[in-house]
Amino acid sequence: MFNKVYLIGVGLINGSLARDLKSLGLARVVAGIGRDRQRLEGARSLGVIDEYSLLQDADVSDADAIVIGVPVARTADSLAAIQSSLSADTLLTDVGSTKCSVIQAAREVFGEVPSRFVPGHPVAGSEQSGYEHAQESLFRGRKVILTPVENTDAQALQDIRQMWQATGASVDEMSAQAHDMILSATSHLPHMVAYALVHYLGGRPDADHVFDYAAAGFYDFTRIASSSPDMWTDICMANRDELLRSLDGFAGLLQELRAMISQGDEQALHTILGQAKHLRDNHPVQK
């Protein structure tokens with residue numbers, strides 16, 4: 001499909017994409033670009049990438065496609081670093097967890113969103129990070145959301161769609177605004193709740209005793225609190241307005257639950273719990 005693909009940032013998502021590109025024969029050469037030579041060399045030595053260069057030295061003039069996989073706050077810096085050598089024919093996409101901020105970064109660097117830039121977000125991954133945890137078939141059966149803008153080239157959109165479909169992903173399209181609203185509720189809010197719960201329990205005077213007796217359900221629920229604080233701080237700031245709306249809505253429901261318990265309103269509490277169970281049972285979560 002491609003002769004040469006550049007991955008800016010070789011973490012879990014781009015690293016897993018690299019493994020698929022190579023194993024599925026979708027790219028002849030997969031090159032990494034980053035800030036840390038030691039990390040890039042590690043990715044090369046494990047066979048995740050074939051070659052690498054540092055971001056400040058990057059020349060992407062021979063790229064067929066470029067995938068940006070850096071913390072969303074660094075998107076503008078990454079785009080600026082490749083701007084001078086970027087061909088007008090090169091496909092450009094990203095894997096960031098927020099989309100409005102990424103599109104804004106492109107506008108800041110290029111003046112407008114390049115027509116062959118297709119913003120994207122594979123809804124996949126885990127609490128682990130780094131190329132060491134990259135795996136083939138990570139995207140199989142998962143969703144990838146593409147958020148084209150008005151001037152997105154139709155062929156570029158189709159090419160990026162086909163790349164993700166080749167990895168086994170199901171590809172959807174929506175506006176960047178819709179993406180950020182939905183992900184604030186289904187991804188960003190749950191991460192904040194998990195972090196907050198662990199932080200709350202860790203601040204209790206009986207924290208050691210509490211954690212000693214935490215059951216599997218607690219660790220299942222809070223698994224995502226092991227995610228990278230650097231990455232999630234960036235995501236929260238990049239999607240601040242939508243996340244605040246989700247946090248406010250959730251906080252309001254917690255207050256309602258508190259009132260039901262305080263007032264001994266068993267029927268209202270049972271209704272809420274029953275509705276939640278029904279929704280969860282009828283909307284199976286991708287694993």
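## Exercises on helix packing, a core and a sheet

Helix 3 passes helix 4 in a right-handed crossing. The exercises below concern a predicted model, and each is followed by a worked solution.

**Exercise 1.** Describe how helix 3 and helix 4 pack, and find which residues meet.

*Solution.* Two packed helices are described by the angle between their axes and the distance between the axes. For helix 3 (residues 75-82) and helix 4 (residues 100-110), the angle is about 35° and the axes lie 9 Å apart. The next step is to look at the residues that meet: helix 3 brings Thr 75, Ala 76, Leu 79 and Ala 80, while helix 4 brings Val 102, Ala 105, Ala 106, Val 109 and Phe 110.

**Exercise 2.** Identify the residues that touch the most other members of the largest nonpolar core, and follow the contacts of Leu 17.

*Solution.* The largest nonpolar core holds 33 residues, and those touching the most other members are Val 5, Leu 17, Leu 21, Leu 146 and Trp 164. Among the elements giving two or more residues to this core are helix 1 (12-23), strand 8 (143-146) and helix 5 (154-166), and helix 5 supplies the largest share, five residues. If neighbours within four places in sequence are set aside, Leu 17 is in contact with Leu 7, Val 67, Phe 139, Met 163, Trp 164 and Thr 167. Apart from this core lies another, of 24 residues, including Ile 33 and Val 149.

**Exercise 3.** Explain why one side of strand 7 and of strand 9 is left without a neighbour in the sheet.

*Solution.* Three strands form an open sheet with mixed pairing, in the order 7-8-9. Strand 7 (120-123) and strand 9 (170-173) stand at the edges with a single partner strand each, so one side of each has no neighbour in the sheet. Neighbouring strands here are turned by 20° against each other on average, direction ignored. Strand 8 and strand 9 pair in the parallel sense over four bridges, and Lys 143 stands opposite Ser 170 in strand 9.

Methods. Residues are numbered from 1 along each chain as its sequence is written. This is a predicted model: local features need pLDDT of at least 70, side-chain atom pairs count only at pLDDT 80 or more; totals for chains, interfaces and linings use all residues. Side-chain values use heavy atoms; hydrogens and water are left out. A nonpolar core is a set of buried Ala, Val, Leu, Ile, Met, Phe, Trp, Tyr and Cys residues joined through side-chain atoms within 4.5 Å. Buried means under 20% relative accessible area, exposed over 50%, partly exposed in between (1.4 Å probe, protein chains only). Contact means heavy atoms within 4.5 Å. Two strands pair if DSSP finds at least two bridges between them. Axes are lines fitted to C-alpha atoms, for helices over the stretch in contact, and angles run from 0 to 180 degrees between N-to-C directions. A crossing is left-handed if the near helix is turned anticlockwise from the far one by less than a right angle, and right-handed if clockwise.
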